[in-house]
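Student: I would like a close look at a single part of this protein, taken slowly.

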Amino acid sequence: MRITVIGCGYVGLVTGTCFAEAGHQVVCTDNDAERIATLKAGIVPIYEPHLDGLLTANSRANRLSFTCDATAAVNSGDAIFICVGTPPKENGEADLSAIDDVARLIATEAHTSKLVVEKSTVPAQTGQQLKRVLSVYRRDPSVDFRVASNPEFLREGTAVEDFLHPDRIVLGVEDEDSEAQLREIYRPILEAKFNCPAHLKGCPSAKPATLVVTTINSAELIKHASNSFLAMKISYANMIADLCEKVGADIKEVVHAMGLDPRIGPQFLNAGLGFGGFCLPKDVQAFVRLAERSGVNFHMLKEAELVNKRRIDLFIEKIRQALWVIKDKQVGILGLAFKANTDDIRFAPSLEVIRRLLAEGAQVRAYDQEAMDRTATIFPEIQFCREPHEVAQDADALLILTEWPEFRQLDWGHISELMSRPLVIDGRNLLDPATLMEHGFEYHCFGRHLEEPQRQFVPAPILKAASNAMQQS
Ligand code: UDX
C-alpha cells in the first residue's frame, strides 16, 4: 500500500517507520525543513529505542522516504495519516490548527481520491470537522475524500513494540471501503507478517492484536478516555500512598495485592511524583474541556489533575522537611525525563521541581541518561554531570525524579561517602529503602512503610499551625 504520513514528530516517525517495516511504501513530510534534512541524513531527532535501526533499514530498502514537498507527499499515498501536533491551548483545549492546515492542504493539492486518517489525538467530533474542511476546500471535484480515525496508543520508550505488536487497533470508520483499506494496511501487523527485527522477537506483547471497528466519534473518544483513565489510576494510587503514610501502611504492598484482581490490574499504580509527558496531562485537560463543552461535569477527572499537581507541592515539602532550609543547599537530581527510556522532558515533573528549587536558592546539579541536552536549553544555570557519582559529590540531598532502572544499580555505599549528608528523596519510589538505610541514608519516598525518618514527616501546614499555636500560648 502507498501511505503518506504528514507530521514527522514522535507519532509520525514511529507510524511511518513501522508501516514501512510492515512492507508498505511510505512517504513522510513535515513543514520543518531542518527536521526533514536530519531524517534524510538518517538521523533520528528523538530518542526512541529501535527507531533509528528501523528507519535506516527501511530508508535503505527504499520503502521509507522524507520530503519537504508537501504536495508531492499528499499525492504519493492512497491513504494519508495525519500525525501533526495537537498541543494544549491556554484553556487546556486541544489546538487543532495544524489539523486544519493539513486538511486544507490535502483538499487543495490532492489529484486523486484519498483516505484521510486522523492519527493525532483529537477530541471527539474532529473527524466531522475534517470532512467538512476537505469538502469545502476541495479544488478538484472529481477527487473523493473519505475520513477515518485510527488513534495511536504508543508509549514513549516502547513505541516501536507498541506499534508492531499492539494489543488493540482501533479503526473509526463510516464506510466499508475505508474499513477494507485500513484492514489491508494493518494486515501485516495483525498477522505479524513482517520482518520482525531480532531484538523485538519475543517481546511481551507479541500476542495477536484485537481489531476494533467503531464509528469515528467513538474512536476519537476511546483515545481520550483511555489516557484519562490511566491518569486517574495514577492519581488514585497517589492518594492511597498519602493515606499509607498516615496510617503506617505500605503502598507497594497495597497496590501489589490490588493489582492481582484482574478487574484492577497491576499497571499504572506506581505512586510518586505523578504523571507528566506530552500525552497524559494534555489529554486529561482536553477531555475535561470536551466534557464541559458537551455539558457533562467530569469533576472526577479535574480532581485527578489536581491530585497530580499537588504531587510536586508534596515533594517540595518533603525536601523542605528533610533539609529545613533549601537556600544554598547542594541538591543533586537523578533523572530529568518525564519517564524512563525517553529523552522527552515535556511536562516532566522534574522541570517544576527544578524551578522551585532554583527559586528558593538551591544549587542544582543533575544527571539523566538521555534528557540533559533538552533540559539545558531551559535551565542553563544548573550544572549537568557526566555520571551520577558526580551529582552526589558534596551534595546535601539526592532527588530521584525519573524511574530509570539504572539508578537502582548504583553503588549506594560509595554514593553515601561522597555526599555531604546521605539523604535521598525518592520521587518515584524506585529504590529499596532497606538497602539505602543499610548504607546510612536518610530516605524519604511516597507511602512506603519506613522505620524512622519518613514516619516523622509532618506536613508544613501542620507544623505551621503547631508553631502558631505555640507562639500564641
Ligand atoms: C501515554 C499512554 O500510556 C499511551 O498509551 C498514549 O498513546 C500516549 O500517552 P506516554 O506519554 O509515553 O504514554 O507515558 P506513560 O507510560 O503513559 O506515562 C505517563 C506518565 O505517568 C509518566 O510521567 C510516568 O512516570 C507516570 N506514571 C506512569 C506514574 O507516575 N505511575 C505509573 O504507575 C505509571
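Student: Which residue in E14 is the bridge partner of Val424?

Tutor: The bridge partner of Val424 in E14 is Tyr443. This is a predicted model, in which local features need pLDDT of at least 70 and side-chain atom pairs count only at pLDDT 80 or more, while totals for chains, interfaces and linings use all residues. Residues are numbered from 1 along each chain as its sequence is written, and side-chain values use heavy atoms, with hydrogens and water left out.

Strand E13 covers residues 423-426 and runs parallel to E14, joined to it by three bridges. Strands here are DSSP runs of E with at least two residues, helices are runs of H or I with at least four, and both are numbered from the N terminus. Two strands pair if DSSP finds at least two bridges between them.

The open sheet has six strands in parallel pairing, in the order E11-E10-E9-E12-E13-E14. Strand E11 (383-384) and strand E14 (442-444) are at the edges with a single partner strand each, so one side of each has no neighbour in the sheet.

Two helices pack on this sheet. Helix H12 (residues 299-323) touches strand E9 (330-334), strand E12 (397-400), E13 and E14, where contact means heavy atoms within 4.5 Å. The direction of H12 makes about 165 degrees with that of E13; axes are lines fitted to C-alpha atoms, for helices over the stretch in contact, and angles run from 0 to 180 degrees between N-to-C directions. Helix H13 (residues 349-359) touches E9, strand E10 (363-367) and E12, and its direction makes about 175 degrees with that of E9.
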